Amino acid sequence: MSPEPSQPGGAEIDVAYVAHLARMHLSDEEIARFQPQLGQIVDYVRQIQALDTSDVEPTAHAIEIRNVARADTRREGLSADVAMRNAPQSKDDFFVVPKIVE
Amino acid sequence: MSELLDRSIGDIAALLARGECSSVDLVQGLLHRIDSRDGDLSAYVSVDRDDALGQAQRADKARSEGDHRDLLGIPIAVKDILNVTGQPCTCASRILDGYVAPYDATAIARLRDAGLLFVGRTNMDEFAMGSSTENSTVGVTRNPWNTACVPGGSSGGSAAAVAAGEAVAALGTDTGGSIRQPAAFCGCVGLKPSYGRVSRYGLTAYASSLDQIGPLTHCVDDAARILQVIAGADPLDCTCLDVVVPDYRAALGGDLSGIRLGLPREYFVQGIDADVEQAVRGAIQQCEALGAEIVEVSLPHTEYAVSTYYIIATAEASANLARFDGVRYGLRAPGGKDPIDMYGKTRAAGFGDEVKRRILLGTYVLSSGYHDAYYVTAQKVRTLIRRDFEKVFESCDALLTPVAPTAAYRLGSVSDDPLSMYLGDIFTATANLAGICAVAVPCGFTSDKLPVGLQIVGGPYQEDRILQIAHAYEQSTEWHTMKPER
């Protein structure tokens with residue numbers, strides 16, 4: 001075991017900033033509530049930094065992932081009509097969103 | 001009729017084949033039970049009665065016309081995270097309110113091809129994030145053994161429905177224990193297959209490198225039957241491997257002679273509830289009496305499993321749940337000035353607290369300056385955890401452990417303390433990190449009459465072996481025959 005790591009710890013998680021990165025408009029009340037909870041969680045999970053992992057390869061998947069190719073033949077997908085059915089707002093075969101450019 | 005619903009899939013299939021009951025009888029019985037019991041339990045999120053009866057009528061008609069598929073006309077409940085064409089799939093979240101699935105998940109399509117019927121959607125923690133089914137926008141599910149207690153989670157609705165006889169069997173999903181822990185809390189069988197055994201196509205992703213679909217059932221034989229149908233390669237999921245699917249039921253039977261079972265010493269430590277430990281120790285003795293050799297082994301990185309799991313799972317979740325932005329499906333909050341503003345308002349309004357916490361944690365561990373210290377380090381520790389298992393499986397056929405440190409706890413008792421809820425995943429999350437298979441089977445009760453589960457953990461694609469061990473144990477006990485009082 002190495003000594004206590006020097007990396008940034010739980011106290012440094014800035015919930016308001018991370019919420020901005022995650023595109024969630026949290027209320028002040030939510031930020032105040034999540035800040036100590038996430039601080040506590042981050043303080044706990046940083047225990048892994050005490051392990052010496054300098055010679056260890058990371059695992060992204062527990063199995064070996066290989067590309068899978070299928071025959072290049074046409075097959076049915078969802079029709080536009082079906083794919084649009086859950087849209088909150090649509091026009092013809094397009095999803096309508098708030099204006100992007102003035 | 002009512003006892004019919006508590007019987008095994010094998011028994012029900014035989015009755016259907018002999019014409020001693022019809023699929024309509026079965027579904028009507030189920031609907032009646034749901035009416036009389038689900039008001040107290042809330043295992044289901046939604047049930048479409050007319051659709052369920054229509055499916056049953058079509059199954060009966062097919063049978064009368066010479067269709068003899070084994071599982072034709074048998075109903076199964078589905079966790080509200082798997083897409084079934086034409087049915088809602090809300091993941092117990094406001095953000096998918098009103099969403100109707102336009103296609104079948106591969107596991108569903110295979111069950112449909114085998115003749116099974118989809119009678120209802122079961123409750124869960126929102127997006128499978130939680131261990132108690134308290135994080136659901138539709139309300140909590142209660143444990144059929146004691147309605148003051150949680151059913152476990154996140155597949156708590158599936159477990160409660162099976163335990164209460166409101167379902168013959170159910171599908172769940174398991175990312176860190178979400179099939180096995182509710183199965184243990186509710187006294188049923190729950191199987192998490194190896195990563196790559198069952199296609200994840202049509203499963204709303206939480207953590208893509210950890211998620212697996214599996215059955216919750218009355219008995220081991222039923223779990224083998226369901227796995228048989230859903231296992232195997234799928235061109236729609238490149239992580240679902242082309243590995244031979246053995247005949248799982250052919251592996252069942254016989255005793256445990258010649259089988260070596262490991263007890264990881266890190267899973268029998270302080271902090272385990274005394275009644276849980278006693279029940280699991282009793283099960284270990286029973287396996288020894290059945291001929292197994294019991295050896296102590298070590299999984300030295302176990303203490304890092306919860307941290308590793310919550311870093312990797314939330315990192316993947318923060319990416320997977322980016323798709324819920326109010327554009328293509330589900331909720332859109334009003335008043336967005338531009339798309340970015342609309343995303344932010346929609347996601348704030350649509351996600352519940354635990355989902356928000358996990359997206360925040362996952363975003364943090366992937367963010368600039370923290371990525372290497374948290375996410376990459378966790379992936380490296382994942383390698384160490386995986387190696388721990390590879391080493392013990394060189395000398396053991398399978399491992400025996402508790403499913404969780406405690407039995408079901410009281411509603412509300414942990415819900416305000418996310419970290420202590422997370423720590424309860426210690427014995428289950430390791431199998432997801434290592435990509436291996438594990439099954440929970442009932443092995444006794446606490447002094448408060450709450451079920452306790454034994455976990456049998458096997459190496460990659462060793463489902464046949466752990467099912468055989470689970471079956472031998474189960475058949476030598478009465479635990480799986482006990483039902484909650486009604």
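Buried area is the accessible area, taken with a 1.4 Å probe, that two parts lose on being put together, summed over both. In this predicted model, the area buried between chain A and chain B is about 5,500 Å², and carbon and sulfur atoms give 67% of that area.

**Interface between the chains**

The interface brings 57 residues of chain A into contact with 71 residues of chain B. On the side of chain A, Ile48(A), Thr59(A) and Asn86(A) supply 12% of the area that chain A buries against chain B, more than any other three residues.

| Helix pair (chain B) | Axis distance | Crossing angle |
|---|---|---|
| Helix 9 (residues 305-320) and helix 11 (residues 353-366) | within 7 Å | roughly 100° |
| Helix 4 (residues 106-113) and helix 7 (residues 220-230) | 8 Å | about 110° |

The axes of helix 9 and helix 11 of chain B cross at roughly 100°, which makes helix 9 of chain B roughly perpendicular to helix 11 of chain B, because angles of 65 to 115 degrees count as such. Helix 9 of chain B contributes Tyr310(B), Ile311(B), Thr314(B), Ala315(B) and Ser318(B) to the contact, and these meet Arg358(B), Ile359(B), Leu361(B), Gly362(B), Thr363(B), Val365(B) and Leu366(B) in helix 11 of chain B. By class, the residues of this contact are seven nonpolar, four polar and one charged.

Helix 4 of chain B and helix 7 of chain B are likewise roughly perpendicular to each other. Here Ala107(B), Arg110(B) and Leu111(B) in helix 4 of chain B meet Ile226(B), Val229(B) and Ile230(B) in helix 7 of chain B. The contact of helix 4 with helix 7 of chain B has five nonpolar residues, no polar residues and one charged residue.

Rolling a probe the size of a water molecule over the atoms shows where empty space is left. The structure holds four cavities of 30 Å³ or more. In the largest cavity lies about 70 Å³ of space. This cavity is lined by 13 residues, of which Gly130(B), Ser131(B), Ser178(B), Tyr309(B) and Asp425(B) are the closest to its centre. The lining of the largest cavity divides into four nonpolar, seven polar and two charged residues.

The second largest cavity has a volume of about 60 Å³. Its lining consists of Val162(B), Ala163(B), Cys186(B), Gly187(B), Cys188(B), His218(B), His480(B), Met482(B), Lys483(B) and Pro484(B). By class, the lining of the second largest cavity comprises six nonpolar, three polar and one charged residues.

Terms used: Residues are numbered from 1 along each chain as its sequence is written. Chains are lettered from A and ligands numbered from 1 in the order in which they are written. This is a predicted model: local features need pLDDT of at least 70, side-chain atom pairs count only at pLDDT 80 or more; totals for chains, interfaces and linings use all residues. Side-chain values use heavy atoms; hydrogens and water are left out. Axes are lines fitted to C-alpha atoms, for helices over the stretch in contact, and angles run from 0 to 180 degrees between N-to-C directions. Helices (H or I, at least four residues) and strands (E, at least two) are DSSP runs, numbered from the N terminus. Angles under 35 degrees count as roughly parallel, over 145 as roughly antiparallel, 65 to 115 as roughly perpendicular and the rest as oblique. Contact means heavy atoms within 4.5 Å. Ala, Val, Leu, Ile, Met, Phe, Trp, Tyr, Cys and Pro count as nonpolar, Asp, Glu, Lys and Arg as charged, and the others, Gly among them, as polar. On a 1 Å grid over the protein atoms alone, a cavity is a set of points where a 1.4 Å probe fits but cannot get out, and a pocket is an open set with protein on both sides within 12 Å along at least five of seven lines; lining residues have an atom within 4 Å of a point. Grid points are joined across faces, edges and corners, and a volume is the space filled by probe spheres set on the points.
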